Amino acid sequence: MYFSDVVAEVKNGSWVLNEKSPLVYQIIKPKVTIQFFPEKTKMLIGENEYDVALTDFSKITFTDREEKKESGEIEIKSTLEFDNQEQFELIENKMTPYKELFGKLAELFVSDDITPKNQVEKLIDEYAIDEDSAYNPDVYKILLVYKNRMGNAVNNGFLHEGSKILSFLEDDSGKITENLGQTVKKGLGGALAGGLSGLVGFGLGIAKAGASRIASNLVNDVTESKSIMILTNKNVILAKSDEINEYDFEDASDIFQVRQDQTLAGVVDVYDDCENKILDNIAQTKWNSFKTQLRKIKKDTEQIGFSGGENFDSKEEADDEFAEAEKKITKLKKLLDNGLISQEDFNAKKAEILSAL
């Protein structure tokens, strides 16, 4: 059992994985917070904090009792008990989500060997990821959450032997809270010029943008529906729920471009060179980091190739407009073969390239 399966089955948590936090996964409910660290697990119940073994979830029990109200009606109350202590009491129907949560965790975590650290180490061995990345938060997430698609990438030959994951982008990874302030600042000038009605309209627009983004994040299943773009030291991999495609560094640099998201500042959408949206709602800072690493490894790769004399002829050919046109059409053909563009898109773009000669 992997943490990705926990996300899919429990569906009551949120990923809080980032460079500033040692947390791998966190489940948050109003009265309970469960924090998974690489080598330990903590549980916060009210003001009490416990270091728990994963098998301790099976030790959480619930006691129900009947209580007579002043009206004479019988009300059933339920108490959550752990560590030989009563933790909190709720009306039975309000306790139901907690019973389901801990029942599921007890079912999933039947062994203390399922720590994130152990799982990542096994996945690193399986996928030949460079061990230096073992505790990089991005690598944690991509291995644990997207293990099925990583397995497909290996089986299809896209994740090459000895690959090292350097960075990745994920659909809907732009944070709402970090961007609403920028959005307000960006649009306030025009709203002020429109008077009171402009301000009201702008406020409704912000609310709508935030609500649509929140709704989108709630609807998407984190383990299946989101697209991801992975940068390794050997290639760029675009993994969607139903397909995986591979690009070399030069193709990825030329093909993938971004545009400012229409609803929130600080968020961009990624497109290919045929105007197809590839990734939606990417934090601008994440894209900048991804692009910077892509440029660096592309430059390093080109320098290695040129020092061996392998790229000298191709460099001269790049100055020839016919060779350049052939190169662009070859890239388009690859997109067509991979099903990323239609035959009509291919024909139109090809005609445009040839007409420029």
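I looked first at contacts (heavy atoms within 4.5 Å): among those in the protein chain between residues at least 6 apart in sequence, 54% join residues at least 24 apart. I note that this is a predicted model, in which local features need pLDDT of at least 70 and side-chain atom pairs count only at pLDDT 80 or more, while totals for chains, interfaces and linings use all residues. Residues are numbered from 1 along each chain as its sequence is written, and side-chain values use heavy atoms, with hydrogens and water left out.

For the chain as a whole, I found that 42% of the 357 residues count as buried (under 20% relative accessible area, with exposed over 50% and partly exposed in between; 1.4 Å probe, protein chains only). The accessible surface (Shrake-Rupley method, 1.4 Å probe) comes to about 19200 Å², of which 49% belongs to carbon and sulfur atoms. I recorded 12 helices and 15 strands, taken as DSSP runs numbered from the N terminus (helices H or I, at least four residues; strands E, at least two).

I then turned to an open sheet of 3 strands in the order 6-7-8, with antiparallel pairing (two strands pair if DSSP finds at least two bridges between them). Its edge strands are strand 6 (61-68) and strand 8 (85-91), each pairing on one side only, and the twist averages 30 degrees from one strand to the next (axes are lines fitted to C-alpha atoms, for helices over the stretch in contact, and angles run from 0 to 180 degrees between N-to-C directions). Strand 7 (residues 74-82) is joined to strand 8 by 6 bridges, and F82 has Q85 of strand 8 as its bridge partner. Helix 2 (residues 92-108) packs on this sheet, touching strand 6, strand 7 and strand 8, with its direction at about 130 degrees to that of strand 8. In helix 2, the buried residues include Y98, F102 and L105.

I next followed a second open sheet, of 4 strands in the order 9-10-11-12, with antiparallel pairing. Strand 9 (165-170) and strand 12 stand at the edges with a single partner strand each, so one side of each is left without a neighbour in the sheet. Strand 10 (residues 228-232) and strand 11 pair over 4 bridges, with I228 partnered by A239 in strand 11. A hairpin joins strand 11 to strand 12 through 4 residues, and V236 stands opposite Y247 in strand 12. Helix 5 (residues 147-155) lies across strand 9, strand 10, strand 11 and strand 12, running at about 60 degrees to strand 12.
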